[in-house]
Amino acid sequence: MNTSIFYHAGCPVCISAEQDIVDLIGANNVEIVNIGIDKNRISEAEKAGVNSVPALVTPNANVLHINFGASITAVKS
């Protein structure tokens, strides 16, 4: 993976964090994934180690959980 992946669920906390992430690392360096809409990517996020959103998975596969918007379990339901 060459870019980071930012997973979120579309809540206000997530949208705010998304803007900060894009401002910090640049839109070309991050893939934005709204798992609230694109639910087929939830299992991918879980495999990467994402427990809650918003979360950033770095190119080195580190998971950075940012604030707390929702648990993955809550997004699944």
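How many helices and strands are there in the chain? The chain has three helices and four strands, and read from the N terminus the order is β-α-β-α-β-β-α. Helices here are DSSP runs of H or I with at least four residues, strands are runs of E with at least two, and both are numbered from the N terminus.

A word on the ground rules. This is a predicted model, where local features need pLDDT of at least 70, side-chain atom pairs count only at pLDDT 80 or more, and totals for chains, interfaces and linings use all residues. Residues are numbered from 1 along each chain as its sequence is written, and side-chain values use heavy atoms, with hydrogens and water left out.

**The chain overall**

| Property | Value |
|---|---|
| Radius of gyration, 77 residues | 11 Å |
| C-alpha box along the principal axes | roughly 30 × 25 × 20 Å |
| Distance between mean positions of positive and negative charges | 12 Å |

The radius of gyration agrees with a compact globule, because 77 residues would give a value near 11 Å. That rule is 2.2 Å times the number of residues to the power 0.38, and the radius is taken over C-alpha atoms.

Buried residues make up 35% of the chain; buried means under 20% relative accessible area, exposed means over 50%, and partly exposed lies in between (1.4 Å probe, protein chains only).

Of the contacts (heavy atoms within 4.5 Å) between residues at least 6 apart in sequence, 59% join residues at least 24 apart.

As for charge, there are 4 positive and 7 negative. Lys and Arg count as positive and Asp and Glu as negative, while His and the chain ends are not counted. Each charge is placed at NZ of Lys, CZ of Arg, CG of Asp or CD of Glu.

**Strands S1 and S2**

Strand S1 (residues 4-8) is mostly covered, with five of its five residues buried. Both faces are involved: Ser4, Phe6 and His8 on one side, Ile5 and Tyr7 on the other. S1 runs parallel to S2, joined by five bridges; two strands pair if DSSP finds at least two bridges between them. Tyr7 stands opposite Val33 in S2.

Glu31 also sits in S2 (residues 30-34). Glu31 is partly exposed, at 31% relative accessible area. Beyond neighbours within four places in sequence, Glu31 contacts Ser4, Ile5, Phe6 and Arg41. Asp20 is eleven residues from Glu31 along the chain, and their C-alpha atoms are separated by 14 Å.
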